[in-house]
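Please keep the sequence and the model at hand while reading.

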Amino acid sequence: MNNFIAKTIKWFLIVFGLATCGTLPFALDIKLITPMLGGLVDFTSSSVPALRHWGTMIFGIGALMVVAGFRPWLRFETLVFSTLEKAFMVYLYLSNLGEPWIAGYFAAFLIDSTVVAYGILYFVSAKGRPSRWTVLICSVKNGPS
């Protein structure tokens, strides 16, 4: 598993980071959300600010993943954040399976599920061992130096 992570992490972060960046077009033009999500997801004027904000934030996560592909020192924190965020999206997808609009989120579900699975493998590997978690928890607990 350590060899798999070592050989794939850079390109995994770049490819899936770019896929995650795919929300930027509808953050810039909300009218693109319906065709981009298969015509199944619509929006109302009251949901536009939240959807555009969501698109911008998800784009930011994707950009962070791409940068982490080139900056190994940024990978651990990036994978903590992206794995948690994407796990929540997977949960939202699965908890809404009975809704007719959920099919519009299927591509996001596939991408996010893959990132979550890879993140779990990463955290089990030598790169994401609990000793890294100890450093992260201590730095949060003790504040900035």
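The numbered points below go from the overall fold to helix packing, cores and individual residues.

1. Basis of the note. The model is predicted: local features need pLDDT of at least 70, side-chain atom pairs count only at pLDDT 80 or more, and totals for chains, interfaces and linings use all residues. Residues are numbered from 1 along each chain as its sequence is written, and side-chain values use heavy atoms, with hydrogens and water left out.

2. Overall fold. The chain holds seven helices and zero strands, and its pattern along the sequence reads α-α-α-α-α-α-α. Helices (H or I, at least four residues) and strands (E, at least two) are DSSP runs, numbered from the N terminus. Of the 145 residues in the chain, 36% are buried; buried means under 20% relative accessible area, exposed over 50%, and partly exposed in between, with a 1.4 Å probe and protein chains only. Among contacts (heavy atoms within 4.5 Å) between residues at least 6 apart in sequence, 69% join residues at least 24 apart.

3. Helix 1. This helix spans residues 2–20 and has a kink of about 50°, centred on T8. The bend at a residue is the angle between axes fitted to the seven residues ending there and the seven starting there. The buried residues of helix 1 are I5, I9, F12, L13, I14, F16, G17 and T20. Their cover includes helix 4 (48–70), helix 5 (75–95) and helix 6 (106–124).

4. Helix 1 against helix 5. Two packed helices are described by the angle between their axes and the distance between the axes. Axes are lines fitted to C-alpha atoms, for helices over the stretch in contact, and angles run from 0 to 180 degrees between N-to-C directions. Helix 1 and helix 5 pack at about 45°, with axes 13 Å apart. The two are therefore oblique to each other; angles under 35 degrees count as roughly parallel, over 145 as roughly antiparallel, 65 to 115 as roughly perpendicular and the rest as oblique. The crossing is left-handed, a term that applies if the near helix is turned anticlockwise from the far one by less than a right angle, with clockwise being right-handed. In this pair, I9, K10, L13 and T20 of helix 1 meet R75, L79 and K86 of helix 5.

5. Helix 1 against helix 6. The axes of helix 1 and helix 6 cross at roughly 150° and come within 11 Å, so the two helices are roughly antiparallel. Helix 1 passes helix 6 in a left-handed crossing.

6. Helix 5 against helix 6. Here the axes come within 8 Å and cross at roughly 135°; helix 5 and helix 6 are therefore oblique to each other. This crossing, too, is left-handed. Among the residues that meet are F76, T83 and M89 in helix 5 and F109, D112 and G119 in helix 6.

7. Nonpolar cores. Which residues have the most contacts inside the largest nonpolar core? They are I9, L13, M65, L79, Y122 and F123, in a core of 17 residues. Such a core is a set of buried Ala, Val, Leu, Ile, Met, Phe, Trp, Tyr and Cys residues joined through side-chain atoms within 4.5 Å. Helix 1, helix 4, helix 5 and helix 6 each give two or more residues to this core, and its largest share, five residues, comes from helix 1. Another core, of 14 residues, lies apart from it and has F26, I30, V48 and Y93 among its members.

8. M65 and S82. Leaving aside neighbours within four places in sequence, M65 is in contact with L13, F16, G17, T20, T78, S82, K86 and V115. S82 lies in helix 5 and is buried, with a relative accessible area of 0%. Not counting residues up to four places away in sequence, S82 touches I61, M65 and V115.

9. Partly exposed positions. P25 lies in helix 2 (residues 24–28) and is partly exposed at 34% relative accessibility. P25 touches L32 and M36, not counting residues up to four places away in sequence. P25 and F59 are 34 residues apart in sequence, with their C-alpha atoms 9.4 Å apart. I120, in helix 6, is partly exposed with a relative accessible area of 49%. I120 and V80 are 40 residues apart in sequence and 9.6 Å apart from C-alpha to C-alpha.
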